[in-house]
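Trainee: I have a new model on screen. Could you take me through some of its features?

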Amino acid sequence: MRPQDLSRFRTVARPHLHPDGHRVCFDVAQIDLDEDRYLRRVWLWDGEARPFTAGPGDSNARWSPGGSRLAFLRQPGKDPAQLAVMPAEGGEAEIITDFSLGVNGFEWSPGSDRIAVEATTWLSDWAELDDEERARKPRRVEHAVYRFDNQGWRHDRRTQVWLVDPSGGAEPERLTDGEADEIAPVWSPDGTRVALLTVLDDPKRMAPGTDILEVERASGAVTIRHRQGGWSALAYRPDDTLLAVGDVDPMAYPSLSTLWSIEADEPRDRTGHLDRSIWSFLLPPEMARPVWLEDGYLVGWEDSGRLGVVRMDAAGGCEPVIEGDRYVTGFAAAEDGSRIVFTATDPTNPGELYELTAEGERPLTTMNDEFRGSVPMYRPHHLRVTSDGVDIDVWVVLPDGAESVPVLLNIHGGPASQYGFSFFDEFQVYAGAGFGVVACNPRGSSGRGLKFLRAVVGEGWGEVDVADVAAALEGALAAHPRLDAARVGIMGGSYGGFLTAWMTGRDHGFASAVVERALINWESFAGTSDIAPHFSAWYLGAVPPGGRDVLGAVSPSTYADRITTPTLIIHSEEDFRCPIEQAEQLFMTLLRNGVDVSLLRFPGESHELSRSGKPRHRVERFDAILDWHRRYLGPGPESS
């Protein structure tokens, strides 16, 4: 696979089953390199798969509970996305909202007569300004959440919940009169209430977590159901019990994402005994919600690089339903459980739509057959190595042939994330260029339980993870003699960028390094990141100024003068998660010390450059990474 092949495959996600139990709508996205954009359309499967909406920016489709209509988000150009509705049998779609900054999500009412819409609008003193004046006007900020990565500035706008008539015949109505942001609305089974996440009584936005509100549709009466939890999604059980996904204590992060019932006395954890998360933050938030069956419910199951689906019963019993070396990216089911539709990806398949019935499993689409038939795909070799008595999952991706190959040691972000059995364009591109890829899930990663996840909290940060990554590399070299131990490059993004800079300050055995969107200086990060109020407290138990000694002791900037490895630094100029000053500090230190260093800055991009940045930028990023490693590791067999 070459960088330009990013435009040749499709991603498939968000399946939604029609009330008739047969038809399925789902999202399909593909890159258009010529136009430097993403093409998104809603597809329909009703015995065969075909495009159902015109595009080019349609996504997140949902059938109405009555089954007569389909709603979805439409973003035809550079304007923000709005809500569109069309007949379920097909035909013209009508855009029924006109919110100044667009619609982020929505939820049909059980009676199909209203749609709860999560929409963003300007604050009153910014609403009447034109774009030029908004760009010129000074920004007065008075709370911590004034900007957020991949969302931009937040000081001048609010996201709130509105009730919208799906016929477009009535003006949208604000659900509450609150001043705070509101997200993740869900309807009660009888349609009389809407629950949502917000933040109350915290004008400076320095407290962690979110509050759960329940709002009466008719009267607007508000009930506070829970204060300050680490919640990511809400749901109602068919018996009217309100549920939340996340953790009851926002300061417990990093923690498992589990399912809690929000009861009168105190929340009860319904899936914590599994010691696994039911959702990955890399997936759409709606996938965190359970899918209800007559005799239980379905939830996701994140485990050792996989994401499957399990069936839970009322007593907490768990039965695997969708298993295997793959990553399920969305699922829906008939109420009696007789049919489950799901989208999934595996290391050599960018994704397809599948169904599971009593007769077995079968694919419903062949979206990527042509791509997979014409572009060589490399299946990773999985092994486990022991580090300090702990098993660590490792993946090795090798290009074809028998000759020795240079090695790229990859470290993922998070650290509460995971590599695994999903299609990852980066590993395919690196192997296609002739490199051997080594990747692992060190302690601190998700998918292996709470103790494993929290092993890097406190004294473990920058210690146990380093030991695990080193053990993974050693184990991979021993298991696969084609990997050339004399030609090893190291690379990673975000937390992976931190660990790359941290390790090259300790170990001079790497021949090249790529540090991407990295955390370099904990103290300045704790004042400039969009997650500055809490992240260092979560992982290190320290914040400036009192925690300066702790923060300095685990900052790559403290030891950057020891780095001798040739280093390419990649950073986005609108990265609000790890602001670009982090990259600038490392660049200047290496420049002063005579290290071969280059800083590649991407304008207009966020922390998400490698996943959802402008397509041309993604190709240029790949080209720069490959060029840098070839310069110091020598060419692989495909690039000689």
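Trainee: What volume does the second largest pocket have?

Mentor: First, the basis: this is a predicted model, where local features need pLDDT of at least 70, side-chain atom pairs count only at pLDDT 80 or more, and totals for chains, interfaces and linings use all residues. Residues are numbered from 1 along each chain as its sequence is written, and side-chain values use heavy atoms, with hydrogens and water left out. A pocket is an open set of points on a 1 Å grid over the protein atoms alone, where a 1.4 Å probe fits, with protein on both sides within 12 Å along at least five of seven lines. Its volume, the space filled by probe spheres set on the points, is about 1,400 Å³.

Trainee: Which strand supplies the largest share of the lining of that second largest pocket?

Mentor: Lining residues have an atom within 4 Å of a point, and the second largest pocket has 43 of them. Strands are DSSP runs of E, at least two residues, numbered from the N terminus. Those supplying at least two lining residues include β1 (10–17), β18 (222–236) and β26 (327–333). The largest share, five residues, comes from β26.

Trainee: Is Thr-198 buried or exposed?

Mentor: Thr-198 is found in strand β16 (residues 193–198). Buried means under 20% relative accessible area, and exposed over 50%, with a 1.4 Å probe and protein chains only. Thr-198 has 5% relative accessibility, so it counts as buried.

Trainee: Which residue's backbone oxygen lies 2.7 Å from a polar atom of the Thr-198 side chain?

Mentor: Contact means heavy atoms within 4.5 Å. Not counting residues up to four places away in sequence, Thr-198 touches Ala-180, Asp-181, Glu-182, Thr-210, Asp-211 and Leu-213. The backbone oxygen at 2.7 Å belongs to Asp-181.

Trainee: Why is one side of β15 and of β21 left without a neighbour in the sheet?

Mentor: Two strands pair if DSSP finds at least two bridges between them. The open sheet has seven strands in the order β15-β16-β17-β18-β19-β20-β21, with antiparallel pairing. β15 and β21 (268–269) stand at the edges, so one side of each lacks a neighbour because each has a single partner strand.

Trainee: What separates the C-alpha atoms of Ala-518 and Ile-580?

Mentor: Ala-518 sits in the loop between β35 (512–516) and α8 (522–528). At 2% relative accessibility, Ala-518 counts as buried. Ile-580 is 62 residues from Ala-518 along the chain, and their C-alpha atoms are separated by 8.8 Å.

How values were computed: Helix = DSSP H or I, 4+ residues; strand = E, 2+ residues; numbered from the N terminus. Polar contact = N/O pair within 3.5 Å; in protein donor to acceptor, adjacent residues only side chain to side chain.
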